Amino acid sequence: SGDLVSGTLGSALLSEFGTEIVIPICAVIGIVFSLVQWYLVSLVKLSPDQGGCSPRNNKNNGFNESLVEEEEGINDQNVVVKCAEIQNAISEAVLCVLISSFRELHLSQQCLSEPVSLPPEGQHPSFSLNISTWVSSWLLLQSWIFVFLGTVEGFSTKSQPCTYNKEKMCKPALATAIFSTISFLRGAVTSVVSGFLGMKIATYANTRTTLEARKGVGKAFITAFRSGAVMGFLLAANGLLVLYITINLFKLYYGDDWEGLFEAITGYGLGGSSMALFGRVGGGIYTKAADVIADNVGDNVGDIAGMGSDLFGSYAESSCAALVVASISSFGMDHDFTAMCYPLLISSMGILVCLITTLFATDFFEIKAVKEIEPALKNQLIISTALMTVGIAIVTWTCLPSSFTIFNFGTQKVVKNWQLFLCVAIGLWAGLIIGFVTEYYTSNAYSPVQDVADSCRTGAATNVIFGLALGYKSVIIPIFAIAIAIFVSFTFAAIDNAGGIAEMAGMSHRIRERTDALDAAGNTTTAIGKGFATGSAALVPLALFGAFVSRASISTVDVLTPEVFIGLIVGAMLPYWFSAMTMKSVGSAALKMVEEVRRQFNTIPGALVMLTPLIVGIFFGVETLSGVLAGALVSGVQIAISASTTGGAWDNAKKYIEAGASEHARTLGPKGSEPHKAAVIGVTIGDPLKDTSGPSLNILIKLMAVESLVFAPFLATHGGILFKIF
């Protein structure tokens with residue numbers, strides 16, 4: 001590694017004091033804005049006695065728009081009450097499954113193994129939430145972190161020469177073990193809270209969106225969008241604030257030892273990802289439960305709570321990886337706090353940009369027709385990307401010196417601030433391209449999904465063939481976008497950038513049509529979100545991989561050496577193994593599925609993810625582990641993109657037939673026709689792909705990478721037992 005030599009030229013315009021103010025203020029702004037959005041959603045009341053939607057008590061829920069029921073001569077005063085009952089039932093069930101998911105899916109039999117139905121009037125369902133198994137598993141993982149990292153220097157309490165500058169003394173390895181365990185705990189708690197808050201606002205807003213659909217698709221869109229903004233801003237702001245506070249608290253002990261400080265911070269990303277895995281997989285599995293409410297439960301846990309934890313994990317991991325690399329570069333050596341906080345300042349700017357972008361959707365423009373929903377969502381991506389590009393430029397030029405060095409495989413590479421700007425910007429625009437490609441292949445407004453729907457004329461077999469082909473084809477452009485982003489980043493800087501409720505309540509079919517339109521757009525939006533998550537699953541692990549090889553003192557990763565090559569092929573196999581297990585979990589009937597999931601997740605998948613890096617590193621060494629990580633990254637990203645896109649396309653092909661919005665769609669319908677039956681089979685196959693296997697692979701790749709980074713000191717010191725013997 002050698003000694004570090006300062007390469008910083010010039011100084012940042014933003015002072016350290018300014019950085020200490022800007023980051024927490026932006027985080028607080030995000031939290032306050034999310035609470036305002038939550039309050040606006042809450043204005044849609046569910047109780048007729050509190051000025052709610054009942055036409056008898058408060059006409060049109062306090063607005064002057066005519067309701068669908070009034071236009072059709074219907075005066076059902078129980079609609080709001082039914083919606084409230086549905087929300088209560090779903091909320092209770094989701095809470096049960098969410099907690100069960102986060103404790104290795106060890107389900108209470110009362111959760112979903114018995115049918116969940118609407119409670120009798122005046123009663124609410126209750127579930128037993130024994131969390132002892134979850135706590136035990138959590139404490140076990142924390143114990144691993146402490147024991148393995150503590151043994152690096154034999155639990156010594158004496159200061160040791162720094163890894164990258166032998167002339168300086170750094171804090172003992174035991175301190176890294178303790179503080180890594182603490183940061184893991186903070187990351188795990190923040191991940192759980194992010195998922196829980198997202199689930200809470202989703203169940204809170206579901207019925208309110210349905211009620212607003214009685215007055216038009218525009219009102220329903222605003223309610224749905226604001227509820228999504230609540231989760232987004234809480235996730236980003238909480239993650240930023242907790243990470244920033246953790247860094248400053250750890251600084252009280254570490255002082256000038258930034259190498260040890262930011263090595264300990266990596267536990268934050270591991271905690272976030274480990275919790276995300278169970279929420280993501282668990283929610284995808286329960287989406288397939290037979291009962292209608294159970295399906296809503298799975299959607300909330302998988303697509304919302306799981307997605308929230310997943311995206312939080314991506315944020316935490318990318319930030320931690322950037323901080324580790326920066327700490328052993330000129331930023332850390334010169335103790336330039338503003339430059340060190342560059343990833344956090346980028347996130348702070350992102351909160352402000354997204355705040356402005358949200359107002360475009362909810363306040364500046366109005367949705368008046370169903371066909372305007374998807375364009376409005378697409379405009380959100382374009383506006384936010386354009387504004388964020390400007391924001392990145394501002395942060396780069398005000399927070400970074402004109403020239404600095406970045407640690408690159410044992411050497412220091414001189415980098416200009418404009419080069420780092422290009423690295424971040426290219427990753428931002430690569431994400432936009434991935435989002436648009438995902439939308440093209442999953443939206444029923446474009447030919448790929450329409451072709452899949454048309455293939456249903458000749459039966460389920462051709463539907464499956466067309467869907468799989470679409471998924472394979474959808475991989476091409478995202479992989480090129482990711483490859484270009486990686487090439488540019490390494491060239492310049494040697495781094496990587498970082499409707500069921502309406503039907504259950506007995507509402508008009510016109511309301512169902514409006515909620516279905518939002519649902520179809522939501523499926524596309526979810527697929528886009530999964531596209532972004534998959535993009536991050538390629539780029540974030542690459543950043544973690546760079547941090548891992550740096551921390552493990554690996555100078556090169558040569559695939560021609562047997563140690564690396566065997567790791568490469570084994571790593572490429574892991575995503576297939578993991579996908580097979582998750583797909584098998586959702587392949588059983590609803591009641592048998594519960595037992596199958598309990599058995600599998602207590603014995604196989606969780607162990608596969610968490611133990612693989614440790615087993616490979618301990619017995620075969622860090623070089624083989626680097627090959628495993630590379631192989632899992634390369635194959636996992638391809639499978640994740642294909643699985644998510646295929647499942648989304650099958651789902652929207654069915655909705656395309658059911659909606660009958662075009663002459664072509666009407667020739668395939670209506671519900672119950674042979675093409676529709678074939679489309680339903682496609683959805684049955686696609687749900688485990690898009691809700692479980694695809695999204696879970698993102699977490700598999702990132703979790704293995706961040707776990708390897710956290711345990712890198714132990715593996716570099718004690719790993720490779722078999723190769724040492726033979």
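H6 passes helix H12 in a right-handed crossing. A crossing is right-handed if the near helix is turned clockwise from the far one by less than a right angle, and left-handed if anticlockwise. H6 and H12 (residues 373-399) pack at an angle of about 35°, with their axes 12 Å apart. Axes are lines fitted to C-alpha atoms, for helices over the stretch in contact, and angles run from 0 to 180 degrees between N-to-C directions. Helices (H or I, at least four residues) and strands (E, at least two) are DSSP runs, numbered from the N terminus.

This is a predicted model, in which local features need pLDDT of at least 70 and side-chain atom pairs count only at pLDDT 80 or more, while totals for chains, interfaces and linings use all residues. Residues are numbered from 1 along each chain as its sequence is written, and side-chain values use heavy atoms, with hydrogens and water left out.

**Helix H6**

In H6, Val 217, Phe 221 and Phe 225 meet Ile 373, Ala 376, Leu 377 and Gln 380 of H12. Here, to meet is to be in contact, with heavy atoms within 4.5 Å. The residues of this contact divide into six nonpolar, one polar and no charged. Ala, Val, Leu, Ile, Met, Phe, Trp, Tyr, Cys and Pro count as nonpolar, Asp, Glu, Lys and Arg as charged, and the others, Gly among them, as polar.

The 38 residues of H6 should span 56 Å at 1.5 Å a residue, and its end C-alpha atoms are 55 Å apart, which agrees. The expected span is 1.5 Å times one less than the number of residues. After H6 comes Gly 255, whose phi is positive, near 60°.

**Helix H1**

H1 (residues 16-42) packs with helix H11 (residues 342-364). H1 passes H11 in a left-handed crossing. On the H1 side, the residues that meet H11 include Thr 19, Ile 23, Cys 26 and Phe 33. On the H11 side, Leu 344, Ser 348, Ile 351 and Leu 355 are among them. By class, this contact has twelve nonpolar, four polar and no charged residues.

H1 has 27 residues and reaches 40 Å from its first C-alpha to its last, close to the 39 Å expected. Its buried residues include Gly 18, Pro 24, Ala 27 and Gln 37. Buried means under 20% relative accessible area, exposed over 50%, and partly exposed in between (1.4 Å probe, protein chains only). These buried residues pack against helix H5 (173-212), H6, helix H10 (337-340) and H11.

| Helix pair | Angle | Axis distance |
|---|---|---|
| H6 and H12 | about 35° | 12 Å |
| H1 and H11 | about 35° | 9 Å |

**The cores**

A nonpolar core is a set of buried Ala, Val, Leu, Ile, Met, Phe, Trp, Tyr and Cys residues joined through side-chain atoms within 4.5 Å. The largest has 110 residues, and those with the most contacts inside it are Leu 344, Phe 548 and Phe 711. H6 (residues 217-254) gives the most to this core, with 13 residues. Apart from it lies another core, of 19 residues, among them Val 464, Leu 470, Ala 653 and Leu 689.

Thr 266 lies in helix H7 (residues 258-286). Thr 266 is buried, with a relative accessible area of 2%. Not counting residues up to four places away in sequence, Thr 266 touches Cys 320, Val 324, Val 706, Leu 709 and Val 710.

Val 324 is found in helix H8 (residues 292-327). Val 324 is buried too, with a relative accessible area of 9%. Beyond its neighbours within four places in sequence, Val 324 is in contact with Phe 262, Thr 266, Ala 547 and Leu 709. The C-alpha atoms of Val 324 and Phe 262 are separated by 5.5 Å, although the two lie 62 residues apart along the chain.

**Backbone exceptions**

Most residues other than glycine have a negative phi, and most peptide bonds are trans. Phe 155 has a positive phi, near 60°. Phe 155 sits in the loop between helix H4 (132-150) and strand E1 (160-161). Phe 155 is partly exposed, with a relative accessible area of 36%.

His 335 also has a positive phi, near 55°. His 335 lies in the loop between helix H9 (330-333) and H10. At 26% relative accessibility, His 335 counts as partly exposed.

A cis peptide bond joins Gly 669 and Pro 670, with omega about 0°. Pro 670 lies in the loop between helix H23 (663-666) and helix H24 (674-710).
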